[in-house]
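Please keep the sequence and the model in view while reading.

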Amino acid sequence: MNSIVIVGGGIAGLQAAHILQNKGLDFILIEKSMSLGGRVQSEEFQGFILDHGFQVLQTAYPEVQRSLQISKWDLSYFQSGAYVLNEGKFKPFLNPLKSPLLFLKNITAAGATIFDFLKLVWIWLKTQGSISPINSDPETTSELISRYRFSEKFQRNFLRPFFAGIFLDDQLSPPASLFFYYMKQFLEGKAALPKNGIGDIALDIASRIPKEKIRIGVFVTEIKGKTLQLNNGETVLFDQLILATDPKQACELLKINFPPQAHFGSKTFYFSMDKKLETPLPLIHLMPLHSSPLLHFSCLSQVNPALAPEGKHLMSATSLQMDLTDKEVAEELARVLDLSPNDFIFLKSFSIPHSLYKLGCFAEVCQKAEKENIMLAGDYTLFPSLQAALSSGRKAAEKIVASSQTD
Ligand SMILES: Cc1cc2nc3c(=O)[nH]c(=O)nc-3n(C[C@H](O)[C@H](O)[C@H](O)COP(=O)(O)OP(=O)(O)OC[C@H]3O[C@@H](n4cnc5c(N)ncnc54)[C@H](O)[C@@H]3O)c2cc1C
């Protein structure tokens, strides 16, 4: 009998396992840490639910629609748009497709001109129908925003911080194709938070895989031919292998140098607050790039009250500066919200140096895996997102299903 092994229990590995399970194929999934989900994890802390880094579930992602049973979930939604800092005050800039009246009421919030709106309408028209996240055009998102000549104010207040938050890259170096792709997701879909945090996504997929097929707390140290060497001295034989680790581990296991500067880091801080914010809408607050240590912040309990204990509010603030301290964040939040730093009671922070991976850096590891007949799964094989993690897991599993049908 063919033995199938999946290495890595992040979203890609779990998705692959779930599809093999559905097709009645036997397998074993090996996950290094003691919990499943990889970069998608939540934990309880002093009655709050904290995600390991600020993350949202885009409901319009095709794989989310196809694979996750989100209609059965208890989801809370961000309002589509953002609070933008314009002339020292946070003002709501809203998605005209979702909140047309509020959009009109706050039409000048982001400092946009009529030409900015016309360009946005043009972009929206361009995103109609199916759109590919990756194409051969070398233009970056930053170059595209400059080429469209959006007004300086609109770029600074909304466009650049919004996309820096998605890419975790303040240079906006990802391709322009991804700008269009995400624009479509945000204009047409919703940004959701599951009831018990983003980790619910992993738990939901894992609940559809029999426990005896999953091994946690053990990891692969070497791949030799058709044998996996584990850290506890065991060896595992395989006929087919899905390597669903992060790309750094994939490179190490396939003996390839991890490309320099191929990752983006982020640090998310959580605070408890007794007071409600004076900005009452469930929106992310964007900070103009390079004029604040923060990229964005949100009162998450305004979106999903279940994330905080009764009578408390949960604030999250994200930065690209890995050495930022909670004191500095509390001072910055106090400055822009006209509050005292003492209003923010620090809970916990999560530093994630390898939050997202740079596109186009992993051709060598993909080629080596193909040569060795190993299937790779993981967001980095496509583009950094839950959509890509789910889709790559599906593709790897479906290749195995197809080969099992021809055996
Ligand atoms: C801070 C942050 C914010 C994000 N925001 C968003 C967002 O808003 N929307 C969105 O769509 N996406 C977002 N993402 C991206 C999304 O989380 C990832 O695309 C997705 O989780 C990647 O899943 P994966 O399975 O490909 O990789 P990973 O989650 O990295 O999983 C790899 C797994 O392999 C395991 N592993 C590694 N080596 C070994 C080994 N040798 N043996 C066994 N196991 C091993 C690891 O422990 C891990 O569990 C964000 C990510 C971060 C960190």
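Of the 407 residues in the chain, 57% are buried, where buried means under 20% relative accessible area, exposed over 50%, and partly exposed in between (1.4 Å probe, protein chains only). The model is predicted: local features need pLDDT of at least 70, side-chain atom pairs count only at pLDDT 80 or more, and totals for chains, interfaces and linings use all residues. Residues are numbered from 1 along each chain as its sequence is written, and side-chain values use heavy atoms, with hydrogens and water left out.

The chain contains 13 helices and 20 strands; helices (H or I, at least four residues) and strands (E, at least two) are DSSP runs, numbered from the N terminus. Its radius of gyration is 22 Å, close to the 22 Å that the globule rule gives for 407 residues, so the chain is as compact as a globular protein of that length. This radius is taken over C-alpha atoms, and the rule is 2.2 Å times the number of residues to the power 0.38. Along the principal axes, the C-alpha atoms fill a box of roughly 65 × 45 × 40 Å.

Strand β9 (residues 191-194) and β6 are joined in the antiparallel sense over 3 bridges, and Leu 75 stands opposite Pro 194 in β9. Strands of a sheet pair through backbone hydrogen bonds, either parallel or antiparallel.

Two loop residues may then be examined. Glu 139 lies in the loop between α4 (114-126) and α5 (141-147) and is buried, with a relative accessible area of 12%. Leaving aside neighbours within four places in sequence, Glu 139 is in contact with Leu 144, Arg 147, Pro 175 and Ala 176.

Thr 245 is found in the loop between β14 (240-243) and α9 (247-253), and this residue is buried, with a relative accessible area of 11%. Not counting residues up to four places away in sequence, Thr 245 touches Val 7, Ala 250, Ala 377 and Tyr 380. The C-alpha atoms of Thr 245 and Leu 294, 49 residues apart along the chain, are separated by 30 Å.

Note on methods
Contact means heavy atoms within 4.5 Å. Two strands pair if DSSP finds at least two bridges between them.
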